[in-house]
Amino acid sequence: MAAPYVVEFEVEKDDFLAAGEGSGSVKDTLKMLGMHSAIIRRAAIITYEAEMNLVIHGGGGVLKVLITPERIEIVSSDEGPGIPDVEMAMREGFSTAPDRVREMGFGAGMGLPNIKRNSDSLSIDSTVGVGTTLRAVIELAGQGGSV
Ligand SMILES: Nc1ncnc2c1ncn2[C@@H]1O[C@H](COP(=O)(O)OP(=O)(O)OP(=O)(O)O)[C@@H](O)[C@H]1O
Ligand SMILES: [Mg+2]
């Protein structure tokens with residue numbers, strides 16, 4: 001495989017109709033590459049939660065997934081409002097989602113904790129008024145299937 005294999009897509013602010021399409025296509029790509037189902041599941045959770053955070057909180061942005069034989073790297077970047085306190089945002093149950101979003105079933109404050117749980121490493125760089133970059137890595141170390 002010519003590495004890295006890259007899947008990149010734009011995510012629109014408040015577009016709940018298209019939300020999930022990007023992470024769905026990442027899932028299809030990983031299947032096509034012969035990844036193990038447990039790895040696909042972890043990557044799908046991370047990309048889906050990161051995608052929803054771009055839709056709901058980040059004002060839209062870009063999700064990029066880089067796949068090599070060694071790792072899957074998921075990078076979400078936006079130029080949205082930023083996160084004032086990343087440590088607090090990482091806590092289970094913490095959410096600033098407005099009521100109209102909660103009525104749709106989001107806003108449990110479980111997205112970032114779920115991303116963390118499914119990543120081997122996670123970094124979040126955020127500046128208020130500038131934007132947020134989240135980088136999650138899944139190490140493959142011989143469990144990546146045919147790639
Ligand atoms: N890209 C982002 N830009 C700005 N703020 C963000 C971003 N991602 C997350 N946050 C902040 O971090 C909080 C926690 O995010 P998390 O994904 O854990 O929960 P949630 O999105 O509120 O609810 P859930 O993911 O369970 O639907 C959000 O409520 C929001 O305040
Ligand atoms: Mg979320």
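The lining of the largest pocket in this predicted model is made up of 19 nonpolar, 13 polar and three charged residues. Here Ala, Val, Leu, Ile, Met, Phe, Trp, Tyr, Cys and Pro count as nonpolar, Asp, Glu, Lys and Arg as charged, and the others, Gly among them, as polar. A pocket is an open set of points on a 1 Å grid over the protein atoms alone, where a 1.4 Å probe fits, with protein on both sides within 12 Å along at least five of seven lines; lining residues have an atom within 4 Å of a point. The space in this pocket comes to about 690 Å³, taken as the volume filled by probe spheres set on the points. Among its 35 lining residues, Asn53, His57, Ile83, Thr96 and Leu112 are the closest to the centre.

Let us turn to helix 2 (37-56), which gives the lining its largest share, seven residues. Helices (H or I, at least four residues) and strands (E, at least two) are DSSP runs, numbered from the N terminus.

Helix 2 returns in the largest nonpolar core, a group of 32 residues, where its nine residues are again the largest share. Such a core joins buried Ala, Val, Leu, Ile, Met, Phe, Trp, Tyr and Cys residues through side-chain atoms within 4.5 Å, buried meaning under 20% relative accessible area with a 1.4 Å probe, protein chains only. Leu112 is one of the residues with the most contacts inside the core.

Residues are numbered from 1 along each chain as its sequence is written. Local features need pLDDT of at least 70, side-chain atom pairs count only at pLDDT 80 or more, and totals for linings use all residues.

Terms used: Chains lettered and ligands numbered in written order. Heavy atoms only, no water. Buried < 20%, exposed > 50% of the residue type's maximum accessible area, 1.4 Å probe, protein only.
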